[in-house]
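Morning, everyone. Please bring the model up on the screen, and I'll talk you through two parts of it.

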Amino acid sequence: MRLNDVEKAMLAGAMGAPRRIAIEQQIAVGRFFDAEDFVEVGQAHIMADTESLGEAGVAFLERLAQYPENERQVRIPTITDPRGADFKAYKRINHAEEFVALEKRADAAFRALGVLMTDTCINYQTVMAPVKGEHHAFGDTGVVIYCNSVCGARSNYEGGPSALAAALTGRTPRYGFHRDSHRRGQSRFVLETEPVNLSDWGAVGGIVGRAMRSYWEVPVIEGVATAPSSDAMKHLGAAMASFGSTAMFHMVGVTPEAPDLKSAFDGAPPKPIVIRRADIDAFYKQYGANDDRLDVVVFAAPQLSILELRDLASLLDGKRVHESTALLAATSPENKAAANRMGLTKGIESSGAILLEGVCFYQMHARELGAANGWTRLMTNSAKLVNIIGGYGYEPVLASMEACVESAVAGRIRR
Amino acid sequence: MTAVTLKGHVGVGPKVTGIALVSADNFSARYDLDRLKGVFSRPAHKLAGQSYVGKVLVLNAAKGGVATAWMLHEMVSRRMAPLALLLNFANPIMAQGAAFADFPLIDRFEDDITRLIRTGDEVTVDPPAGLVTVRRLS
């Protein structure tokens, strides 16, 4: 890789050991993907829940935090993905103290590095939406796909250590979705049905994501008559990224780099794959259940927007979550404060539901949480969550938010 | 015992030799593994129930989210990691995690790697050269 004078200084250790370690790691990744140079990035966004970090990862962060301030502080605005514990509410969900203690150590280390603890996977809805053409180092698949596709900003998936490296160096290797050549459509889908709610959009994302052969494939979606909402795009993208490891899609006539079909592709568009209502229904059936037993209903993955919280509060108005069932929702700290101010938290929690902040369900030791609470059968409107949570020992069921709430109130799965 | 050498893209991590565990399925540490027990735990995964610890994992493509970047390091620290990872297509997360953990990873082979190596083969993984040497033991 070609290095400029600043990058050479970092590599030589002239700007401290943390930046030297970071750029060495970035050069290894750049070589792996044939990057010729670095690109400066505007922000870094770090996924670092303690279930992923473990003791070893937390100890690594603590070692970094012990360097002198001028060596350890991040060089660009750096924000965080959902954390592994809600410090205010963990006791309400029987989250083990040992995990919370580990999370507090990671939190302290990040603060020492100058990281802004936003604790959100919906920074584009709550912190700052990226601008077309901006380069970033975002560390959540849902964030990356939304920002590349909907905003026209540029980021690869930057896993925790990599986003932290970008934060320390202010740059990232220029490969993948930082380059024009990797942002062109390769496969084509025609939507012949109109998704009616967020779980439908997630199902479409899951169908497209499953068809992707690798991270490098960019699907193009046609047939969307009306621009979907930000929340619809969020669920579509998050599921596509989860099922496909997909970092970008185009939606013809909607997203900024696909004003028409022709401009989304280099050359002739390929033959389309048609998605019909029957395909969406079949997707739901794969996450169905043979009986109506229900332990926990979860709204998360991604965190809920203020509009989703409003919908949830409205659906729970005057109702009571069944005593044998738990209902959890997760949002960003900013949205939680807004929900408190607007009376939405009270509206949700007066039903017996719990509104968590700064976390996501699958990022807070979901296996141990299930064991502590006796949760196995999980119902959600998140296609992303049903894809992830089976590996943690749950039996996931996908349904609309309305059906999920109705089921939580009944204590049994209702369709 | 005949050795066959396969060429991929230059990888990351050190040279190692071990026994292969192969599937045409995909890979994500968060989605697919019980990292405490060291087994594939996602019921739909083709290697569900099998131990991956100390094995040269040979799979199709990286899937899922970003957590694997930390998780490789975490698994290595507890000696509950695979020995190496060979994929047809890695994503940035696998490369970043391997670079952070100094873990052997190679991808982009000349042919489908999941068809060229069988479970039980002895495999030498040489990331700096982008080469894999396969010895069929049975």
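Start with burial in chain B. Of its 138 residues, 57% count as buried. Keep in mind that this is a predicted model.

How does chain B run from the N terminus on? The order of elements is β-β-α-β-β-β-α-β-α-β-α-β-β. That comes to four helices and nine strands.

Now the overall dimensions. The radius of gyration of chain B is 13 Å. The globule rule gives 14 Å for 138 residues, which is close, so chain B is as compact as a globular protein of that length. Along the principal axes, the C-alpha trace of chain B spans about 35 × 30 × 25 Å.

Next, contacts within chain B. Take those with a separation of 6 or more: 74% of them join residues 24 or more positions apart.

Over to chain A. It is divided into domain 1, residues 5-179, domain 2, residues 184-284, and domain 3, residues 289-410. I'll look at domains 2 and 3. Their C-alpha centres lie 26 Å apart.

How many residues are in contact there? On the domain 2 side of chain A there are 16, and they meet 15 residues of domain 3. Which elements of domain 2 give two or more residues to that side? They are α9 (198-211) and α10 (230-244) of chain A. The largest share comes from α10(A), with eight residues.

And the make-up by class? The side of domain 2 of chain A that touches domain 3 has six nonpolar, eight polar and two charged residues.

That's my tour. Thanks.

Conventions: Residues are numbered from 1 along each chain as its sequence is written. Chains are lettered from A and ligands numbered from 1 in the order in which they are written. This is a predicted model: local features need pLDDT of at least 70, side-chain atom pairs count only at pLDDT 80 or more; totals for chains, interfaces and linings use all residues. Domain bounds come from an automatic or database domain assignment. Two residues are in contact if their C-beta atoms, placed from the backbone, lie within 7 Å. Ala, Val, Leu, Ile, Met, Phe, Trp, Tyr, Cys and Pro count as nonpolar, Asp, Glu, Lys and Arg as charged, and the others, Gly among them, as polar. The radius of gyration is taken over C-alpha atoms; the globule rule is 2.2 Å times the number of residues to the power 0.38. A residue is buried if 20 or more other C-beta atoms lie within 10 Å of its own, exposed if 12 or fewer, and partly exposed in between; C-beta atoms are placed from the backbone.
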